[in-house]
Amino acid sequence: MTAFLDALLLQAGYNAALVAIGAGLLGFAAGSSGTFLFLRKRALVSDAVAHATLPGVGLAFILMVALGGDGRSLIGLLAGSAVTAWIGLLLIEWIARRTRLAEDAAIGAVLGVFFGLGIVLLTVIQAMSAGRQAGLESFLLGSTAGMLFQDAVVIAVGGTLAVLATWLLRRPMTLVAFDSDYAAAIGYDVRRIDLLMMGLVMAVSVIGLKLVGLILIVAMLIIPPVTARFWTDRSNRVIWIAGGVGGAAGYLGAVLSASAPDLPTGPIIVLVAAAIFVVSLLFAPERGVLAAVLRHRRFQARVHRRQGLLALAAQHLIREPYTLRLLAREGLVRPDGVPTEAGRAQAAKIARDERRWAVAREIHQDAGLTGRYDGLTPIEEVFTTDEIAEFDRRLGPPVPVNPAVGDA
Amino acid sequence: MGAEFVQFSLTPILIGTFAAIACALPGNFLILRRQALIGDAISHVVLPGIVVAFLITGIVAAIPMLLGAAGAAIVAVILIEAIRRLGNIEPGAAMGVVFTTMFAAGVLILEQTDTSRVHLDVEHALMGNLESLVWFRAEGWHSLLDPAALATLPDELGRIAVACAIIVALTLVFWRWLKIATFDEGFAQALGIPAAALGFGLVVTAAIAAVAAFDAVGSIIVIAMFICPPAAARLMTNRLEHQIWWSVAFATLSAVLGYVFAGYGPLWFGGENAVSAAGMIAAVSGVILGLACLYGPHRGRVGVGKEEAAA
């Protein structure tokens, strides 16, 4: 526990602090720049982009060694990965636009083929004399051991630029995500904006390669926006909430992994993000599962209460246990189903409401108002007192509620 | 093409071919149903399935691992469906959430347990190890008739051959149902075909293919096998029967050429070491798809004019 607190407060050593800050920044950048890809319903493009970085890493290494360099320069490797990821993106876009294949097929094809090429290049590198200690495999699952200050700077600068670009481009990207035809009609170049959207994701994938690896960076691009979507219906808030979720997951995940042995950073970050997602899925207001269950229960109770009272008014016996419990709890019936004084009054009120609605639907012309009849809404919420007085006039004078069955 | 070929290349080529065909058959239907990325999700969750199976049984044996992986695939499909419905989230994002989380859990469990003594590591799971599946006892073509030598064939060959046969049989048995339900689900339901169960069965079949092929070609390259040959076949014809045949042909071609290029290609360029065969198979299937995209007779989208398509 103390190890966890130390790490949380960045007291667990230079490397752990660097990793925690880097992971937090990366999470923020990935969450916010993944938002529009998710809103555009193309979240899995990021999967293809991430896998398409692998051949670039291999090619860059081979090229740098061939030019007499070390081959392990991070900037060089990342530049290489950006090039092939961009080629992968263009290919997805080209296949989906030019051929009859759907976008999902294009994504899967690019993902599998580029990853295969990458593996081929890795085996080529293993055979090179300079490649024995290249450690390029760490790009698959990421590695935080030996993270340098320079790496953290790459993440910080790149991440800031990505968030900034997301914020600046939020208007065209929102338009394209929600209504691309309208965006095209008012003169935006939809294709270019789509490419920009994917380019941002590519940039974040590239800077995150070293830390979480190319297979798990996808999670940081998808899970935070999906999570954020539960909490708000406004796209510009989704950006920041997704950034916050991603940042929290990155920071907490890195801290957790530093506080105990054998906890690899990348997977822990993803699992923390997944935990936040599950909590949001269950407990978010409005869109969460719990909220939906409560909404359903309230609706059910209203229907049963109303039907129960109508049955009382018609002097039917209520046999359904849930309705009985519901009415008994309000003191409207006795446990044996006999209505109380209050129950008879309520039943009369509901029955009058039903009759008024029947008249309203017969004589009123406005379907927008009469269409609101759902057997639950009190008529006072829809019509004015004058109108209701008119319905009552047509109904005639009030009739007394007959004594309940049990009293007879 | 003598003894050495039989010893070192025959079994990997056969395994690669069976794996490619086993994946391509369900892949045809996944592509037509726009569920191509289910293959992506399944191939990622194979790893956690295998790791959990190892944790429970404590042994590295084929059957528990196959069961574990198939179980993980089914769990993943159920989770994806649950998140999609409960959270009202589009299927792609739901998939992304589920398979990355399960993959991360798999890596974590793998790191937490002492697997140094067993042959189970992430890179192997991702990349496959086709080259190592050699037939040591073979001395030439005549070994194919020698029971003692045949008994030492790699187990993987038998497994993938059985899996491939099962998938071919399933495709034949459910052919009419699959065809109708893929193109017109409403009509299929009207005929009384259990379309939802059929869709789930298709995904499970894909999982079986992925798991069986995983042994040989690794989990990621399975995706290429699911998608590339059927996608290329889709651009060659408008008839489902022909598309299936094209996809089988492309899958076989990718497996054979891929293995040959990986094993012998570097020697032609003066290199000494072979490169990853699984990776090369995926690359060849990608080249085939690329050629089909450029020259396939039915590559265009219906309704797109020539000028627009050329732009």
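A:Gly58 belongs to helix α4 (residues 53–66) of chain A, where helices (H or I, at least four residues) and strands (E, at least two) are DSSP runs, numbered from the N terminus. The model is predicted: local features need pLDDT of at least 70, side-chain atom pairs count only at pLDDT 80 or more, and totals for chains, interfaces and linings use all residues; side-chain values use heavy atoms, with hydrogens and water left out. Residues are numbered from 1 along each chain as its sequence is written, while chains are lettered from A and ligands numbered from 1 in the order in which they are written.

**Helix residues of chain A**

- With a relative accessible area of 0%, A:Gly58 is buried; the term buried means under 20% relative accessible area, exposed means over 50%, and partly exposed lies in between (1.4 Å probe, protein chains only).
- When neighbours within four places in sequence are set aside, A:Gly58 is in contact with A:Leu121, A:Ile125 and A:Leu136, contact being heavy atoms within 4.5 Å.
- A:Gly58 and A:Leu136 stand 78 residues apart in sequence, and their C-alpha atoms are 7.7 Å apart in space.
- Helix α9 (residues 170–178) of chain A contains A:Thr174, which counts as buried at 19% relative accessibility.
- Apart from its neighbours within four places in sequence, A:Thr174 is in contact with A:Phe36 and A:Ser235.
- A:Ala3 is part of helix α1 (residues 2–8) of chain A and is partly exposed, its relative accessible area being 33%.
- Between A:Ala3 and A:Leu256 the separation is 253 residues in sequence and 9.0 Å in space, C-alpha to C-alpha.

**Loop residues with positive phi**

- Most residues other than glycine have a negative phi.
- A:Glu286, a residue other than glycine, has a positive phi near 70°.
- A:Glu286 is located in the loop between α13 (265–283) and α14 (289–313) of chain A, and counts as exposed at 61% relative accessibility.
- A:Gln315 is likewise not a glycine, and its phi is positive at about 60°.
- The loop between α14 and α15 (321–329) of chain A holds A:Gln315, which counts as partly exposed at 28% relative accessibility.

**Fold of chain B**

- Chain B has 14 helices and zero strands, and its pattern along the sequence reads α-α-α-α-α-α-α-α-α-α-α-α-α-α.
- Of the 311 residues in chain B, 54% are buried.
- Among the contacts in chain B with a separation of 6 or more, 71% are between residues 24 or more positions apart.

**Interface between chains A and B**

- The size of an interface is often given as the accessible area lost when the parts come together.
- Contacts join 62 residues of chain B to 57 residues of chain A.
- Between them, chain B and chain A bury about 4,800 Å², of which 74% is on carbon and sulfur atoms; buried area is the accessible area (1.4 Å probe) that two parts lose on being put together, summed over both.
- On the chain B side, B:Leu37, B:Glu90 and B:Arg301 lose the most area to chain A, together 11% of what that side buries.

**Largest pocket**

- The largest pocket holds about 870 Å³ of space; a pocket, on a 1 Å grid over the protein atoms alone, is an open set of points where a 1.4 Å probe fits, with protein on both sides within 12 Å along at least five of seven lines, and lining residues have an atom within 4 Å of a point.
- Its lining comprises 33 residues, of which B:Arg33, B:Arg34, B:Gln35, B:Pro91 and B:Met95 are the closest to the centre of the pocket.
- Two or more lining residues come from each of α6 (103–127) of chain A and α2 (36–57), α3 (62–87), α4 (91–112), α8 (175–183) and α10 (195–217) of chain B.
- The lining residues of the largest pocket divide into 18 nonpolar, four polar and eleven charged; Ala, Val, Leu, Ile, Met, Phe, Trp, Tyr, Cys and Pro count as nonpolar, Asp, Glu, Lys and Arg as charged, and the others, Gly among them, as polar.

**Cysteines**

- Over all chains the count of disulfides (pairs of cysteine sulfur atoms within 2.5 Å) is zero.
- B:Cys164 is in no disulfide, and the nearest cysteine sulfur, that of B:Cys23, is 9.2 Å away; B:Cys164 is buried at a relative accessible area of 5%.
- B:Cys228 is in no disulfide, the nearest cysteine sulfur being that of B:Cys293 at 9.2 Å; B:Cys228 is buried, with a relative accessible area of 1%.

Notes: Grid points are joined across faces, edges and corners, and a volume is the space filled by probe spheres set on the points.
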